Amino acid sequence: MKILVTGANGQLGRELREVLGEKLPGMAVYTDVEDLDITDADELSKFVEKGDFSHIINCAAFTSVDKAESMPGQCARINSDAVQNIASVASRLGVKVLHISTDYVFDGKAFCPYRESDKVNPVSVYGTTKRKGEIVLLSMCPDAIIIRTAWLYSPYGNNFVKTMMRLGQERNSLSVVCDQIGTPTCARDLAQAIAAIVTARQWIPGIYHYSDEGACSWYDFAKVIHRMSGITSCNVTPILSEDYPAAASRPHYSVLDKSLIKKTYGITIPFWMDSLEDCIGRIKNNSDL
Ligand SMILES: NC(=O)c1ccc[n+]([C@@H]2O[C@H](COP(=O)([O-])OP(=O)(O)OC[C@H]3O[C@@H](n4cnc5c(N)ncnc54)[C@H](OP(=O)(O)O)[C@@H]3O)[C@@H](O)[C@H]2O)c1
């Protein structure tokens, strides 16, 4: 087994470096845009051919949901066209692909957790380009695995947890939307699930949903982040999405049903607050992150 991880400097990529480094030492090559730009089909093709990889785990993406609205071309190049590049070389060389997608492929009109077979209807440029990536990958590589995840955070890069910890210290008050319900997901937990899939006895292709367990609003999430970080001086007020100016629309409800991945791969998923507490501890212990 030899694994190529793309987008390896992002939140998930950094966690995968640690998790795979322990579980499969020396068996993965980690790249990001400066060493391997997945939008460059020729470069990608040569890299994969030369590296003789058995698997590609694609963590690379354009993930700025609001910026995507004003940069649809760049977003599509990374989230859809580059996935086609991966699919093309993988199908030619027989490489297994594990790709990450998003809860934002759904429109959020549901009232119970989304299953993999539920109708998709993205409401943003980001969600639309990620869905196109799913379609092109499955059409060219029916053997691929796609994991849709949600609300990722980690000690690395920019994310809601780190932003709320910073703003909670800088400000006396904050307004956070309370009418978008989803599940915060620790990137470390997703990395563990990916490692379990890659090392499983059987590779069972298809789309799977993975987030941590439970559900909350961004407002609930912010309150818990502050409580767990010991921030008491910032008053957090719940507001509606319509009162919070954002370039992109987001689903009001995007909780994922994880039954399939749990049953197929025997994965146990932590409750979101337990993982959050652990991650906040890691952030506090490393001020360089
Ligand atoms: N973050 C979330 O809340 C969330 C929610 C649901 C699903 N997801 C999905 O989960 C996956 C991992 O997300 P993440 O939060 O770890 O993303 P991330 O932190 O934004 O990391 C993505 C990485 O991909 C790199 N990249 C961008 N363009 C590239 C290119 N052309 N070639 C190679 N690498 C490139 C980025 O580099 P630069 O930083 O230099 O651009 C970055 O290091 C993505 O597929 C994302 O769509 C994320």
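**Sheet, helix contacts and ligand shell**

Student: Over how many bridges do E3 and E4 pair in the parallel sense?

Tutor: Two strands pair if DSSP finds at least two bridges between them. Helices (H or I, at least four residues) and strands (E, at least two) are DSSP runs, numbered from the N terminus. Within E4, Ile-57 has Leu-98 opposite it. The parallel pairing of E3 with E4 has a bridge count of 4.

Student: What pLDDT do local features need in this model?

Tutor: Residue numbers start from 1 along each chain, as its sequence is written. The model is predicted: side-chain atom pairs count only at pLDDT 80 or more, totals for chains, interfaces and linings use all residues, and local features need pLDDT of at least 70.

Student: In E3, which residue is the bridge partner of Ile-3?

Tutor: Look at strand E1 (residues 3–6) beside strand E3 (residues 55–58): they pair in the parallel sense over 4 bridges. Ile-3 has its bridge partner in E3, and that partner is His-55.

Student: In E5, which residue is the bridge partner of Leu-98?

Tutor: E4 also pairs with strand E5 (residues 145–149), in the parallel sense over 5 bridges. Across that pairing, the partner of Leu-98 is Ile-145.

Student: What is the average twist from one strand to the next?

Tutor: Start with the whole sheet: it is open, with 6 parallel-paired strands in the order E2-E1-E3-E4-E5-E10. Its edges are strand E2 (28–30) and strand E10 (206–209), each pairing on one side only. From one strand to the next, the twist averages 20°.

Student: Are H4 and H5 parallel or antiparallel?

Tutor: The axes of H4 (residues 72–93) and H5 (residues 125–140) come within 9 Å and cross at roughly 10°. Axes are lines fitted to C-alpha atoms, for helices over the stretch in contact, with angles from 0 to 180 degrees between N-to-C directions. Angles under 35 degrees count as roughly parallel, over 145 as roughly antiparallel, 65 to 115 as roughly perpendicular and the rest as oblique. The crossing angle therefore makes H4 and H5 roughly parallel.

Student: How many residues of the H4 and H5 contact are charged?

Tutor: Contact needs C-beta atoms, placed from the backbone, within 7 Å. H4 brings residues including Cys-75, Asn-79 and Val-83, while H5 brings residues including Tyr-126, Lys-130 and Val-136. By class (Ala, Val, Leu, Ile, Met, Phe, Trp, Tyr, Cys and Pro nonpolar; Asp, Glu, Lys and Arg charged; the others, Gly among them, polar), the contact has 10 nonpolar and 7 polar residues, and the charged ones number 2.

Student: How many residues of the H1 and H7 contact are nonpolar?

Tutor: The axes of H1 and H7 (residues 187–198) come within 8 Å and cross at roughly 50°. The two helices are therefore oblique to each other. H1 supplies residues including Leu-12, Leu-16 and Lys-23, and H7 supplies residues including Arg-188, Leu-190 and Ile-194. Of the contact residues, 3 are charged, 2 are polar, and the nonpolar ones number 9.

Student: How many polar residues does the contact of H6 with H8 have?

Tutor: H6 (residues 160–170) and H8 (residues 218–229) have axes that come within 9 Å and cross at roughly 65°. Among the contact residues are Phe-160 and Met-164 of H6, with Phe-221 and Ile-225 of H8. The contact has 7 nonpolar residues and no charged ones, and its polar count is 3.

Student: Which element gives the most to the shell around the ligand?

Tutor: The ligand is surrounded by 27 residues (C-beta atom, placed from the backbone, within 6 Å), and the closest are Gly-7, Gly-10, Gln-11, Ala-60 and Ala-61. Elements giving two or more residues are H1 (11–23), H4 and E4 (96–102). By class, the shell has 12 nonpolar, 11 polar and 4 charged residues. With 3 residues, the top contributor is H1.

How values were computed: Contact = placed C-beta atoms within 7 Å.
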